[in-house]
Amino acid sequence: MQLSLAGRHALITGGSKGLGLAMARAFIEAGARVAIVARDAATLQAAAAETGATPIAADISTAEGCQAAHDAAVAAFGQVDILVNNAGVSQHGRFTAVSDAVWQADLDLKLFAAIRLARLAWPGMEQRRFGRIINVLNIGAKAPPAQGAPTAVSRAAGMALTKVLANEGAPHGILVNALLVGIIESDQWVRRHAADPRGLSFDAWKAEQGRNVPLGRIGKAEEFAATALFLASDAGGYITGTALNVDGGKSPVV
Ligand SMILES: NC(=O)c1ccc[n+]([C@@H]2O[C@H](COP(=O)([O-])OP(=O)(O)OC[C@H]3O[C@@H](n4cnc5c(N)ncnc54)[C@H](OP(=O)(O)O)[C@@H]3O)[C@@H](O)[C@H]2O)c1
């Protein structure tokens, strides 16, 4: 089966690196026009040059940044059919060590950006009777671990948001799903490896990270992108309101 996004226009936040970049590649290969959003202009330009995506420099942790990102995508394409709320950074620690400022920043980037961008894209999707919203979360949304704050809490809220929007969007052809990431190779993991003082090779380090994953390895960004492509395409037309683990079996809950 060939998955096609021909004629579709996608906005992917955090599209300059890691999972977002892999989704941009996959969506463009499937025929979509894609806009990618990130803050660092140089990385964004490099990603755009490599993939053919339209770069949009914006900080989506603010209402103004979300508005600017959405406006730029509409200026480029005229519409947003597929919204992927993917930008995020890992934030966790002992509960008592997480300040109000950290909680707020986490909620702004991971929850409010998804709320604001969905609200901006929604009227056009409703009018055209077609929309796909994919919220990239993590497996802590279903199974919050100790020291998982604030991320696990923001992500659980993202799962509730997914369900609310799926129920509201269904009569209008707007399908909304969440993808819950376990450990998937990305720039984030390159940075974590670089910060590990033990000096392991990247391959040895990745093997170590994957040891407790039932499939025995960490995931590839392309595998994640293929799942997102399926949901964005017509092949995923009967799936909405779902939070799917993309984690090699790592999550303790289904
Ligand atoms: N990879 C994993 O194993 C894993 C596990 C659990 C959850 N996740 C989630 O999956 C998503 C993608 O992760 P990744 O591993 O691909 O991360 P990554 O490699 O670090 O990429 C993050 C992307 O988000 C962008 N970004 C960050 N803050 C932003 C902001 N305020 N405004 C606009 N763009 C922003 C970054 O670009 P700039 O820095 O230039 O803005 C970059 O393009 C994230 O939400 C992450 O939390 C990933």
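This short talk walks through the ligand site of one predicted model and then through several of its residues.

Before the details, a word on how to read the values: residues are numbered from 1 along each chain as its sequence is written, and side-chain values use heavy atoms, with hydrogens and water left out. Since this is a predicted model, local features need pLDDT of at least 70 and side-chain atom pairs count only at pLDDT 80 or more, while totals for chains, interfaces and linings use all residues.

Let me start with the ligand. There are 28 residues around the ligand, and the closest are Ser16, Arg39, Asn86, Ser186 and Trp189; a residue is near a molecule if one of its heavy atoms lies within 4 Å of it. Three elements, α1 (18-29), β5 (131-138) and α6 (187-195), each supply at least two residues of this shell, and α6 gives the most, with four residues.

Taken alone the ligand exposes 880 Å², and the protein buries 95% of that, where accessible areas come from the Shrake-Rupley method with a 1.4 Å probe and, for residues, only the protein chains shown count as cover. The space taken by the ligand is the largest pocket. A pocket here is found on a 1 Å grid over the protein atoms alone, as an open set of points where a 1.4 Å probe fits, with protein on both sides within 12 Å along at least five of seven lines, and a molecule sits in it if more than half of its atoms lie within 2 Å of its grid points.

I turn now to Ser154, which lies in helix α5 (residues 151-169). Is Ser154 buried or exposed? Ser154 is buried, because its relative accessible area is 1%, and buried means under 20%, exposed over 50%, and partly exposed in between, with a 1.4 Å probe and protein chains only. Not counting residues up to four places away in sequence, Ser154 touches Asp106, Leu107 and Lys110, contact meaning heavy atoms within 4.5 Å. With Asp106 there is also a polar contact between the two side chains, at 2.5 Å; a polar contact is a pair of N or O atoms within 3.5 Å, and within protein one must be able to donate a hydrogen and the other to accept it, with residues adjacent in sequence counting only if both atoms are side-chain atoms.

Thr51 is found in helix α2 (residues 41-51), and at a relative accessible area of 12% Thr51 is buried as well. A polar atom of the Thr51 side chain lies 2.7 Å from the backbone oxygen of Ala47, and the Thr51 side chain reaches the backbone nitrogen of Ala53 at 3.1 Å. Leaving aside neighbours within four places in sequence, Thr51 is in contact with Leu21, Arg25 and Ile28.

Next comes Gln79, in the loop between α3 (63-77) and β4 (82-85), which counts as partly exposed because its relative accessibility is 23%. Gln79 and His9 are 70 residues apart along the chain, yet their C-alpha atoms are separated by 6.6 Å. Beyond four places in sequence, Gln79 touches His9, Val74 and Arg128, and its side chain joins that of Asp81 in a polar contact of 2.8 Å.

Finally, some backbone geometry. Most residues other than glycine have a negative phi, and most peptide bonds are trans. Arg129, in the loop between α4 (100-128) and β5, has a positive phi of about 60 degrees although it is not a glycine. Gln147 likewise has a positive phi of about 60 degrees; Gln147 sits in the loop between β5 and α5 and is partly exposed at 48% relative accessibility. Pro150 belongs to the loop between β5 and α5, and a cis peptide bond, with omega about 5 degrees, joins Ala149 and Pro150.

Note on methods. 1 Å grid on protein atoms, 1.4 Å probe; cavity = no way out; pocket = protein on both sides within 12 Å on 5 of 7 lines; lining within 4 Å.
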